[in-house]
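Take a look at the fold shown here.

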Amino acid sequence: GPTLTKEPRFTLTAQTSEDRGWRRAAVHLLDNRSGSQLWAEEYREAPPGGGDFWRETARVVAARVGSEQGLVAQSLAGRDPAPDLDATTYGAIVLSYRFLLTRDPAEFVPALDALRRAVAADPECALAWCQLARLHVVNHAFEVAAAETSIEQGLAFAQNAVRLDPSSQRARAALAFALLVKGESGAGRAEAENALALNPETFVYLETMGFLLSLLGEWDRGTALVRKAIARNPH
């Protein structure tokens, strides 16, 4: 039969140029469904550069577009959800991002319930377990809504996410956060270090690792990582 292809929801394009040492990258993010341009930015480096402009720019763009507070997540989470969005694992994850972006208490319970259904239906989805862990820990720490969310559950869910996807910085950061809130600072530092070691040059999670390490007792090193992230990533 015919092969069915699905057009990607977003398209990222870049035009690069170099003239007598002047380097330039013009980047655009398009929403294919609406046909609109979501974002455009131009990056320039004047001679003498002295660094790897293309690699650094690619890192910045990847973080700006693909991080969990990036443009794609903001676009998807900011839209009015379809009535049955919470019936799918994808929809449950989108709802959890919506809450974590807006911190609106009214968004918490729908996201929590959707994630609980998602992990029951799709128990091998590490990201769903990770997001469920984060919601449990956030609610335990900040009492966002009247819901049964113990720190023990949050810790167990984060451990499950790491078991399913050991190479996920996101999952290991969730586990470090759960250990921090539970008061197990030594184990939390070790897990934050594990997360950082997976990709010490990440622009997506560098400030998160620094934040966690700071609160887990590595104040000087943690704040240095946050400052490094701020200095290297204008977004």
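This is a predicted model: local features need pLDDT of at least 70, side-chain atom pairs count only at pLDDT 80 or more; totals for chains, interfaces and linings use all residues.

Residues are numbered from 1 along each chain as its sequence is written, and side-chain values use heavy atoms, with hydrogens and water left out.

Three strands form an open sheet, in the order 1-2-3, with antiparallel pairing. Strand 1 (10-19) and strand 3 (36-45) stand at the edges; each has a single partner strand, so one side of each is left without a neighbour in the sheet. From one strand to the next, the twist averages 10°. Helices (H or I, at least four residues) and strands (E, at least two) are DSSP runs, numbered from the N terminus. Two strands pair if DSSP finds at least two bridges between them. Strands of a sheet pair through backbone hydrogen bonds, either parallel or antiparallel.

Strand 2 (residues 22-31) pairs with strand 3 in the antiparallel sense over nine bridges. Contact means heavy atoms within 4.5 Å. Axes are lines fitted to C-alpha atoms, for helices over the stretch in contact, and angles run from 0 to 180 degrees between N-to-C directions.

Now turn to the helices. The axes of helix 6 (residues 151-164) and helix 7 (residues 169-182) come within 8 Å and cross at roughly 155°. Helix 6 and helix 7 are therefore roughly antiparallel to each other (angles under 35 degrees count as roughly parallel, over 145 as roughly antiparallel, 65 to 115 as roughly perpendicular and the rest as oblique). Helix 6 contributes Ile151, Leu155 and Ala158, among others, to the contact, while the residues from helix 7 include Ala171, Leu175 and Ala178.

Helix 7 has a contact with helix 9 (residues 206-215) as well. Their axes come within 11 Å and cross at roughly 20°. Helix 7 and helix 9 are therefore roughly parallel to each other. Ala173, Ala176, Phe177 and Leu180 of helix 7 meet Thr208, Met209, Leu212 and Leu215 of helix 9.
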